[in-house]
Amino acid sequence: MKTPTLDSAGTPVRRSGTYFGLGTYLGLAGALLAMIVLFSFLSSHFLSYATFSTLANQIPDLMVLAVGMTFVLIIGGIDLSVGSVLALAASTVSVAILGWGWSVLPAALLGMAIAALAGSITGAVTVAWRIPSFIVSLGVLEMARGLAYQFTDSRTAYIGDAFSWFSNPIAFGISPAFIIALLVIILAQLVLTRTVFGRYLIGIGTNEEAVRLAGIDPRPYKIGVFALMGLLAGLAALFQISRLEAADPNAGSGLELQVIAAVVIGGTSLMGGRGSIISTFFGVLIISVLAAGLAQIGASEPTKRIITGAVIVIAVVLDTYRSRRATRRN
Amino acid sequence: MSAHESVLSVTGLGKTYAQPVLGDVTLDLRGGEVLALTGENGAGKSTLSKLISGLETPTTGQMTYRGQPYSPGSRSEAERLGVRMVMQELNLLPTLTVAENLFLDNLPSHAGWISQKRLRQLATAAMAQVGLDAIDPDTPVGELGIGHQQMVEIARNLIGDCHVLIFDEPTAMLTAREVELLFTQIERLRQRGVAIVYISHRLEELQRVSQRIAVLRDGKLVCAEPIARYSSNELVNLMVGREVGEHIDLGRREIGAPLLKVEHMTRGDKVRDVSFEVRAGEIFGISGLIGAGRTELLRLIYGADRADSGSIQLGRPLQPVNIDSPKAAVRAGIALITEDRKGEGLLLPHSISANVALGNLGAVSRAGVLDPHAERQLAERQISAMRIRSASPAQAVGELSGGNQQKVVIGRWLERDCQVLMFDEPTRGIDVGAKFDIYGLLAELARQGKALVVVSSDLRELMLICDRIAVLSAGQLIETFDRDGWSQDQILAAAFAGYQKRDALLHDAAPRMDA
């Protein structure tokens, strides 16, 4: 194959297509840009401050959830319970504030702690009995949703503006929630690429037995990843409360699929061992810009779902093609 | 078809991927003849067989098959024409029955319903071709020993026309008795006029089974002559292209006090009441048939599996240690270099440095944060110490040859300074040149006063490097031989001793899946 590829234009070619290099990011950024250009043509209002601001304030939930899910997928697991755990955390916060008269900070911490606990349970059961996390998290999904209904009596609990500072833009239309989510992304990418913890996660996802026989106990790391997923679902719950000024026990229903879609669009492998937080961020942006754009051009709900679904499939097909080509180059 | 007539010939055959891996090979496959195909890893054996069996298409050259030009576009096309290959990894579905596996691509049926009676008849007939019509065709394949599974695979290839049959390392997983079974079948096929290609490293086998030998080196055909013309040493020299000494000097060693003492180690009927000790500076070999419990024993000592009973003492002076996980074993100073380096040792898609550093991340990080510079230095140190042939420390381990992969795994452990190192088949699937590198390394470790345990199926290898050899048979340690007092016959007799009371044929290949 002598045809010059995009990668030969000075960007580092990473071997075997396992690692995420600049080429991957450029590809994702290109796709994102293409979508923005397309929607700008289709709708004169699309490229505006208002769109940008709305987007920036709606995506922090998805951003932090997708970070957690990237870690989970990297170790070869999956967590279907994130939407329910989010609702459970939100319901816990509402009970603490409205029922017990707690102040905002302890209530928020309690909510996150409960969410982290739910994640730890998924992780611990998965690890202790060697059950696929798909099934365990499906069970936790139901339990967390049930508890959320129980706590709130199945009603949306109005909390008020105690959390609203999270979502109120402070500068350039950007809210603290977005900044926090961005920091989570940066920190998570550093953890994944620069720390022992991150390295073990990639190792576990690639070949857990090899890691174990190298003298490392993979179990605490696996449980830790699910606990982290829960914790981030708790954080997303706070973002959502601040935006809605209420805790909705129905919140986050079906959210897990959106989160997984965003992560997979970024190119993280469902088989484990391969993933990048930066790519996940692009995945979140792509899926969010698509939703916002389709809404702006007045697409109907069915149309939106059909197009979003098609984009997910196309993205994964393209990614497979890309990684195969990278492998073949060797 | 008359014997010794060319069935398939290749002329000027070559294959180039990123680099040429096979160049200008001209060779005849003759009916009624077993052609041994050998050479170091990476010499092009697999590539040549893939070209012939239609898995790859050649870059240059032509093939002629039974007088016609032959260029199969796919494996199934080659199979339809009668050119077949028994792959190293068996391609069977363990949950389906023998009969279903045999006729998976063409199940006899009426309107979609499988005709069980006909299927059984056909399967029995097909198994009779390999002399195993005694096996019930309704047995799930997963319940058979590896040797019999391989016979099923061979039987499948004999359904329909078969004029050329290629065996790729067929005995890698077999016990001595299963090897006999295989050789009987190969001889039978040869007499039927099939042209057989037998790929293997094991020279003794090649000398027994084949009439002619073709040696590949660096993608070129070095010779294709009657095998009787060469001695083993000459063949090794042809493969390697340089002289390899039959004897190695392990250097001056001090054999000291015991460093590892294992007592009454037991797990189910795989490992039964095994006790032994290994001294500092000693290389302690463990021999036995596949399925005798050698790998299982090492895994028990290493804490990878739980023992039912048994104790381990370690160190100088010996002290009891409780090892309930690999993590505990490593902390106590025991290392295990596993047999299945791809499945259990390496992160194949990841770099050499990531693989060497795995298990040593503490040394190249501060407060949990990795130091990429230190990690790279660590990898470079082992690459030069172990003479790992690679482009750079960032190269993916999966791209390295078997020998270099093994060195990466060993390099990881050398960084940890373990006192007891256990090697399970350290040279399996490694070419001759790299084998001697590994032996030299074992000797060096012994000179440093470490205690080494080496499991190997290659008895000559153990006799070359070990101070003592223990023989396991059916999970029991039958006898331990000293260097002065061993002979190949005695060791082999001991290897079979534990099986004599059992229904050996079906149990000796107790499946030892690499899962």
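Where is the place of Arg130(A)? The legends below get to that, starting with some housekeeping. Everything here comes from a predicted model, in which local features need pLDDT of at least 70 and side-chain atom pairs count only at pLDDT 80 or more, while totals for chains, interfaces and linings use all residues. Residues are numbered from 1 along each chain as its sequence is written, with chains lettered from A and ligands numbered from 1 in the order in which they are written.

**View 1. Arg130(A), in the loop between α5 (104-129) and α6 (133-152) of chain A.** Helices and strands here are DSSP runs, numbered from the N terminus (helices are H or I with at least four residues, strands are E with at least two). Arg130(A) isn't a glycine, yet its phi is positive, near 50°. Its C-beta has 7 others within 10 Å, so Arg130(A) counts as exposed. For the burial labels, C-beta atoms are placed from the backbone: 20 or more other C-beta atoms within 10 Å makes a residue buried, 12 or fewer makes it exposed, and in between is partly exposed.

**View 2. Asp153(A), in the loop between α6 and β1 (157-158) of chain A.** Here's another non-glycine with a positive phi, this time about 60°. With 10 other C-beta atoms within 10 Å, Asp153(A) is exposed.

**View 3. Helix α4 of chain A, residues 82-99.** From first C-alpha to last, the 18 residues of α4(A) reach 25 Å, close to the 26 Å expected at 1.5 Å a residue. That expected span is 1.5 Å times one less than the number of residues. The helix is mostly covered, with 16 of its 18 residues buried. Just after α4(A) comes Gly101(A), whose phi is positive at about 70°.

**View 4. Where α4(A) crosses helix α10 (residues 255-265) of chain A.** The two axes come within 6 Å and cross at roughly 125°. Axes are lines fitted to C-alpha atoms, for helices over the stretch in contact, and angles run from 0 to 180 degrees between N-to-C directions. So α4(A) and α10(A) are oblique to each other, given that under 35 degrees counts as roughly parallel, over 145 as roughly antiparallel, 65 to 115 as roughly perpendicular and the rest as oblique. On the α4(A) side look for Val82(A), Gly83(A) and Leu86(A), which meet Leu255(A), Glu256(A) and Val259(A) of α10(A). A contact means C-beta atoms, placed from the backbone, within 7 Å. By class, that's four nonpolar, one polar and one charged, where Ala, Val, Leu, Ile, Met, Phe, Trp, Tyr, Cys and Pro count as nonpolar, Asp, Glu, Lys and Arg as charged, and the others, Gly among them, as polar.

**View 5. The contact of chain B with chain A.** Chain B puts in 30 residues and chain A 22. On the chain B side, α10 (326-332), α11 (341-345) and β20 (369-370) each supply at least two residues. The largest share, four residues, comes from α10(B). The chain B side splits into 16 nonpolar, ten polar and four charged residues.

**View 6. A cis peptide bond in chain B, from Arg316(B) to Pro317(B).** Omega is near 0° at this bond. Pro317(B) sits in the loop between β16 (309-314) and β17 (319-321) of chain B.

Notes:
Two residues are in contact if their C-beta atoms, placed from the backbone, lie within 7 Å.
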